Amino acid sequence: MKLFVSLLFLFITFNASAEKKYQKNYYDNGTIESEGWLIDNQKNGYWKFYYNNGVIKKEGRFLNNKPTKYWYFYTSNGNKKSEGHYLNGEKANWWLFYDDMEKINHKCQLQFNQKNGYCLMYKNEKLISAAKFKAGKKIKEWTNFKSFKKENNLSDLQ
C-alpha cells in the first residue's frame with residue numbers, strides 16, 4: 001500500500017508539472033498572429049495562424065511542436081490555397097491545391113514534403129492530365145484517361 005501511495009503521489013506530481021496554456025501572439029500592429037495550445041512550451045493541439053490583416057493563414061494540429069493530421073492553408077484574402085495531411089511533421093498522403101476561384105487545380109500524393117506518387121491536374125473541375133512523381137521528380141505524364149488507365153492500377157489513387 002505504501003508503494004501504491006508513493007507511486008500515486010509521483011504520478012500526480014509529474015502530471016502537475018506538465019503546464020498547459022492557451023497562447024495568443026500578436027503582430028506589432030495589434031492584430032493576432034497565432035493562437036493555440038502549449039504544453040511545456042511546445043505547440044500541441046489545434047493552432048491558427050493569421051496574416052497581419054487579420055485573415056486566417058493556416059490552421060491545424062500540432063503534436064510536440066510538429067504539424068500533424070489535416071491542415072488548411074488560405075490566401076491573404078481568405079480563399080482556400082491548399083489542404084492536406086502531415087505525418088511526423090512532414091507533408092504526406094494526398095494534398096489538394098486550389099486556383100483563385102477555390103476550385104481544385106491539382107491534387108498530389110506527397111511524402112517527406114515532396115511529390116511522391118500521382119498528381120492529377122484539373123481545369124474547370126475537369127481532369128486534364130496526370131503525372132507520376134518519385135522523390136519530387138516527374139517520371140511520367142499522361143494527357144488522356146485511356147492511356148493512364150492502361151498503364152496504372154486505379155486503386156493506387158486511393
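Two strands count as paired here if DSSP finds at least two bridges between them, and helices (H or I, at least four residues) and strands (E, at least two) are DSSP runs, numbered from the N terminus. With those terms in place, β9 and β10 form a hairpin with two residues between them, and Asn124 in that turn has a positive phi of about 50°.

Before going further, let me say what we are looking at. This is a predicted model, in which local features need pLDDT of at least 70, side-chain atom pairs count only at pLDDT 80 or more, and totals for chains, interfaces and linings use all residues. Residues are numbered from 1 along each chain as its sequence is written, while side-chain values use heavy atoms, with hydrogens and water left out.

Now the overall layout. The protein has two helices and 11 strands, and reading along the sequence gives the pattern α-β-β-β-β-β-β-β-β-β-β-β-α. Of its 158 residues, 28% are buried, where buried stands for under 20% relative accessible area, exposed for over 50%, and partly exposed for what lies in between, using a 1.4 Å probe and protein chains only.

The strands make an open sheet of 11, with antiparallel pairing and the order β1-β2-β3-β4-β5-β6-β7-β8-β9-β10-β11. Its edge strands are β1, residues 20–26, and β11, residues 137–142, each of which pairs on one side only. From one strand to the next the twist averages 15°, with axes taken as lines fitted to C-alpha atoms (for helices over the stretch in contact) and angles running from 0 to 180 degrees between N-to-C directions.

Strand β6, residues 80–87, is joined to β7 by six bridges, and the two run antiparallel; Glu83 has Leu96 in β7 as its bridge partner. The hairpin of β6 and β7 has two residues between the strands, and Asn88 there takes a positive phi near 55°.

Moving on, β7 (residues 90–98) and β8 (residues 104–111) are antiparallel and joined by six bridges. Within this pair, Trp94 is partnered with Gln109 in β8, and Phe97 stands opposite His106 in β8. Their hairpin has five residues between the strands, with Glu102 in the turn at a positive phi of about 65°.

Then β9 and β10 pair in the antiparallel sense over seven bridges, with Tyr118 opposite Lys132 in β10.

Which backbone nitrogen lies 2.8 Å from a polar atom of the Gln109 side chain? The nitrogen belongs to Tyr118, and Gln109 itself is buried, with a relative accessible area of 13%.

Turning to charged side chains, how many salt bridges does a search of the whole structure find? The search finds two, a salt bridge being a side-chain nitrogen of Lys or Arg within 4 Å of a carboxyl oxygen of Asp or Glu. In one, Glu141 meets Lys138 with the closest N and O atoms 3.0 Å apart; Glu141 is partly exposed at 41%, and Lys138 is partly exposed at 46%. In the other, Glu151 and Lys140 meet at 3.3 Å, N to O. Because Glu151 lies in helix α2 (residues 145–151) and Lys140 in strand β11, this pair ties together parts that are 11 residues apart in sequence. Glu151 is partly exposed at 46%, and Lys140 is partly exposed at 35%.

Finally, the surface. Leu127, Phe145 and Leu154 form a nonpolar patch with about 260 Å² of accessible area together. Patches are made of residues with over 30% relative accessible area and no salt bridge, joining like charges within 9 Å and nonpolar side chains (Val, Leu, Ile, Met, Phe, Trp, Tyr) within 5 Å, and accessible areas come from the Shrake-Rupley method with a 1.4 Å probe, where for residues only the protein chains shown count as cover. Leu127 sits in strand β10, residues 126–134, and is partly exposed, with a relative accessible area of 43%.

Methods:
A polar contact is a pair of N or O atoms within 3.5 Å; within protein, one must be able to donate a hydrogen and the other to accept it, and residues adjacent in sequence count only if both atoms are side-chain atoms.
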